[in-house]
Amino acid sequence: MNASRFRLLAAALIAGFLSPSGDAIAAPAQAARPKVGLVLGGGGARGGAHLGVLEVLEELRVPFDCIAGTSMGALVGGAYVAGASPAEMRETIRRTDWGGMFDDSAGRQEVDLRRKHLDDRFYSGLEFGVTREGLRYREGVVTGEKFKLFFNELVRSDPGDRNIEELPLPLTLIATDIGTGERVALRDGNLATAMRASMAVPGVIAPVIRDGRKLVDGGLVDNVPIQEVRDRCGAQVVIAVNVGSPLFRPDEVTGLVSVVGQMVNLLTEQNVARSLSLLQPGDVYLKPDLGKITAADFTRQLDAAQAGRKAALEAAGGLRSLSVSPAEYREWRARVRLAPTQPPVIDEIRVAATRFVNPAELRDGIRQREGQPLDTKALSEDLVRIYSRGDLHNLDYSILRERDKTVLRLTPIEKPWGPDYLRFGLNLSSDFSRESPFNLRALYRKTWINTKGAEWLTTFQLGSDQALATEFYQPFDDRQVGFLRPFASVGLAKTGLFFEGDRIAEYRLRDTRAGIDLGANLGAYGQASVGLLERHLRSTRDTGPTILPDATFRFGGATARLALDTQDYAFFPTRGYRADVTYFDAQHVSEGMSKYGRAEARLGGAWSIGDLTLLGSLEGGKSTHGSLPLGDTFSLGGMRRLSAFAPGQILGGEYGLGTMQVQWRLTRPMPILGLSLLGGLSLETGRMREPVTEPTLTRRLDSYGIYFAANTPLGPMYFGYADSKGRPGRLYLFLGTP
């Protein structure tokens, strides 16, 4: 072969290797880019740093071949592979009420008045199931209802359920089997459910049941799952992001909460140390400097994103070696990015089988209609509102394709500890002088006695006031608009009789009642009823001179009531109003007692500007005819009813009262616990006509004061000081529910 022919042959071979369409270049080009695995660790709110890392990877055109994530890393990784961009996730985080995410309910304003009254007096968080096996308690502070619906939106499950095995990139989410302690790698099945399982913090979010296992946060066993990406896609280079919480210093471990937190951090750090030992030369390890951002600082996730971005930019030198050409990256990103789709038209709506809840009642609770495009925003709101009724452990939806039909399937899972429940409540107060009443109460609630949602309630109270009451609540229809409520109760309370500020006598009042109400629920905001009431009232002097003779009365007649309540919180509302109008007409009475009528109206509202809230109320009552017996008189005195006077100090047959409070929120509510501290000023003015006690106090009375208040797990707590012109000031403390 002569030299010229050799040069031509060599040139042809070189041209073939360099040609972008040549087969010979394919193998070297693929080998030039090693397989990359992305590992996103767990860390609660600190996981917002993953967004900043993903942004830098996109800017540097660094593709990856698989993702493994734990806890918040599972959320971010799952959303990204499902098609959500970092910018879209930033916007979702920005508009999400993260405090509300840890409250499974739709909010107090969205539950009916009956449920409001129960929740106001008995702790919903201290609800036990009454079962054949004994008392049972829920497995987490929240079940994660809003998290699941949030994940459905984030991974765009409108067209149908997103399954892990159908995603464009291999994805693994790490969870822990709380029963065995085993590490569980979720590589298939429903994506949103797997995300919730991976971040179900034990004791905070209820475990997710999947394939017969109870799954919780994967951070307990593998918080930075490096080995997973090597096994899943044969990753030759690992990009690992560690956002775990640092250990507390010894001097910071000072209480129960910090001890438990340190224990969890120690367990997590141990498995993280094992994972980090698997890093090899050429791997990229990122540990963003997150400063004082804690795992619970969900409002600071975007701050964490900036820290993640900074850490990734500092490692840009190593990351650039993994970058590809713009054309190659566009092709890779197009494969991962999900194209926008139109919501499907729903042809049929089905409700899965239930144990005791009426499926028709669940179906009536959603606004979605057959033949209409799926409205996921409205559907999520409806599902949370239905969940808020208190019967369900979980309520989810899925989109099914059946030949030429699109089916919306609702899957209600009732409380395993239902349908019979036991709740508790308490209150205690003191004026740091003579008044220190306390009460402990219990509620037994038997629900879904029939398909209309009938309930039987029994309450019992011990303490300064004793009571036993029972009622049967029978709705007439699936939507529970109309109802019938027979009831009976017996109570024993003490009433003080005052003169010029001194308690001069005390009477025991035994009040026995029986009656029936016929009413209607006015959506979630009110209730109207009429009924009949029979009472047996006995007053007996306990201490002091005989101001009033011991007496026994029997009387009965017609009742009417209209109640409205749109306030967002029971005790520290920031918006909404309350109205309550009652009337009782005693038409038959015992001998020696006159017939009488009693009417009372109350109106209150709340308005907020930022952390400042204004609370105002007006109320009044009077005897429409006849004289009120001692057990049915109106009263003034006590917290928010002329706070400078003792509770029930002023009794009479007609009164008026106006109050104004200015509250300033001093601290933000803590996630889960909801603890917050407020400071307030109060001004109250009232007048009692036809007084039974304090006969000299018939003029207008004013009370003004200052207080600190807190929303605690035991209910509202108030500590304040109130004063009134010409009277000594009064300290007061209250904790519990009314």
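Hi everyone, thanks for coming. Please keep in mind throughout that we are looking at a prediction.

Let's start inside, with the nonpolar cores. The largest one holds 73 residues, and the members that touch the most others are Leu 57, Phe 64, Met 89, Leu 191 and Ile 239. Which helix gives the most to this core? That is helix 4, residues 72-81, with seven residues. Leaving aside residues up to four places away in sequence, Phe 64 touches Val 36, Leu 38, Leu 54, Leu 57, Tyr 80, Leu 169 and Trp 332. There is also a second, separate core, with 28 residues, and among them are Phe 555, Met 593, Phe 634 and Phe 734.

The buried ones are Ala 49, His 50, Leu 51, Gly 52, Val 53, Leu 54, Glu 55, Val 56 and Leu 57. Notice that the list includes His 50 and Glu 55. Just past the end of helix 3, Arg 61 has a positive phi, at about 60°.

What does helix 3 pack against? One of its neighbours is helix 5, residues 86-95: the two axes come within 9 Å and cross at roughly 155°. The two helices are therefore roughly antiparallel, and the crossing is left-handed. On the helix 3 side we have Leu 51, Leu 54, Glu 55 and Glu 58, and they meet Pro 86, Met 89, Arg 90 and Ile 93 of helix 5.

Helix 4 packs with helix 9, residues 191-198, at an angle of about 160°, and their axes are 8 Å apart. That makes this pair roughly antiparallel as well, with a right-handed crossing. Ala 74, Leu 75, Gly 78 and Ala 79 make the contact from helix 4, while Leu 191, Met 195 and Ser 198 make it from helix 9. You'll remember Leu 191 from the list of core residues that touch the most other members.

One more helix pair, and then the sheet. Helix 8, residues 145-154, and helix 16 have axes that come within 10 Å and cross at roughly 165°. They are therefore roughly antiparallel, and their crossing is right-handed. Glu 145, Lys 146 and Leu 149 of helix 8 contact Ser 380, Leu 383, Val 384 and Tyr 387 of helix 16.

Helix 16, residues 376-387, also lies across strands 14 and 15, running at about 145° to strand 14. Those strands belong to an open, three-stranded sheet with the order 13-15-14 and mixed pairing. Which strands stand at the edges? They are strand 13, residues 348-351, and strand 14, residues 392-402; each has a single partner strand, so one side of each lacks a neighbour in the sheet. On average, neighbouring strands here are turned by 20° against each other, ignoring direction. Strand 14 pairs with strand 15, residues 405-414, in the antiparallel sense over 10 bridges. For example, Ile 399 has Leu 408 of strand 15 as its bridge partner.

That's my tour. Happy to take questions!

Definitions and conventions
Residues are numbered from 1 along each chain as its sequence is written. This is a predicted model: local features need pLDDT of at least 70, side-chain atom pairs count only at pLDDT 80 or more; totals for chains, interfaces and linings use all residues. Side-chain values use heavy atoms; hydrogens and water are left out. Two strands pair if DSSP finds at least two bridges between them. Helices (H or I, at least four residues) and strands (E, at least two) are DSSP runs, numbered from the N terminus. Axes are lines fitted to C-alpha atoms, for helices over the stretch in contact, and angles run from 0 to 180 degrees between N-to-C directions. Contact means heavy atoms within 4.5 Å. A nonpolar core is a set of buried Ala, Val, Leu, Ile, Met, Phe, Trp, Tyr and Cys residues joined through side-chain atoms within 4.5 Å. Buried means under 20% relative accessible area, exposed over 50%, partly exposed in between (1.4 Å probe, protein chains only). Angles under 35 degrees count as roughly parallel, over 145 as roughly antiparallel, 65 to 115 as roughly perpendicular and the rest as oblique. A crossing is left-handed if the near helix is turned anticlockwise from the far one by less than a right angle, and right-handed if clockwise.
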